[in-house]
Amino acid sequence: MSIETHVQPPAETSGEAPVRFDTKIAVLLRADLESWQRLNVTAFLVSGLGTAVPEVVGEPYEDGDGVPYLSMFRQPVLVFEGTGETLTAAHGRALSRALPRAVFTGDLFTTGNDRDNRAAVRAVPTGGLDLVGLAVYGPRNAVDKVLKGARMHP
């Protein structure tokens with residue numbers, strides 16, 4: 001159900017075996033979000049992982065003409081969806097396992113800047129957060145347990 005290989009030339013072309021990861025990057029979205037909200041929430045959530053967990057970021061890219069491009073995650077980001085209850089349960093499991101995580105709440109759709117975003121999350125106790133998205137990183141089996149009840153995003 002999950003994609004665990006790094007995108008790279010096939011082993012017979014590169015001379016190396018495909019890279020397999022013992023970790024997983026996953027995003028869980030509330031199923032009732034509009035398409036634009038899903039994209040926006042996913043982008044915001046994964047932006048935090050690279051700063052908090054620098055080992056998830058690979059080397060910079062370069063095309064055949066030597067034009068440089070920014071580094072990206074070294075492994076796939078798997079996107080899941082679930083109900084609000086699924087998100088709340090996953091959030092609790094991520095906290096109990098102390099996994100690196102990012103949250104996006106419904107309140108963030110009404111703010112327009114980083115300062116107000118952080119203030120909106122800070123204003124609500126953990127149990128009262130209106131979660132619409134959660135990103136989590138960690139060992140594959142731990143992330144799988146956090147995501148129990150969620151399904152792959154269609």
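Reader: Over which residues does pLDDT stay under 50?
Author: Over residues 1-12, pLDDT being the predictor's confidence in each residue, from 0 to 100. The model still has 29 contacts (heavy atoms within 4.5 Å) there beyond four places in sequence. Where pLDDT is low, though, predicted coordinates should not be read in detail. This is a predicted model, where local features need pLDDT of at least 70, side-chain atom pairs count only at pLDDT 80 or more, and totals for chains, interfaces and linings use all residues. Residues are numbered from 1 along each chain as its sequence is written, and side-chain values use heavy atoms, leaving out hydrogens and water.

Reader: Why do β4 and β7 count as paired?
Author: Pairing takes at least two DSSP bridges between two strands. Strands β4 (residues 77-82) and β7 have two, in the antiparallel sense, so they qualify. Phe80 has Met152 of β7 as its bridge partner.

Reader: And what makes β5 and β7 edge strands?
Author: In the open sheet, ordered β5-β6-β1-β4-β7, each of these two pairs on one side only. A strand here is a DSSP E run of at least two residues, and a helix an H or I run of at least four. At 151-152, β7 therefore counts as a strand.

Reader: What makes a pocket a pocket, and how much space lies in the largest pocket?
Author: On a 1 Å grid over the protein atoms alone, a pocket is an open set of points where a 1.4 Å probe fits, with protein on both sides within 12 Å along at least five of seven lines. The largest holds about 270 Å³, the space filled by probe spheres set on its points, which are joined across faces, edges and corners. Its lining (residues with an atom within 4 Å of a point) numbers 18 residues, with Phe44 among those closest to the centre.
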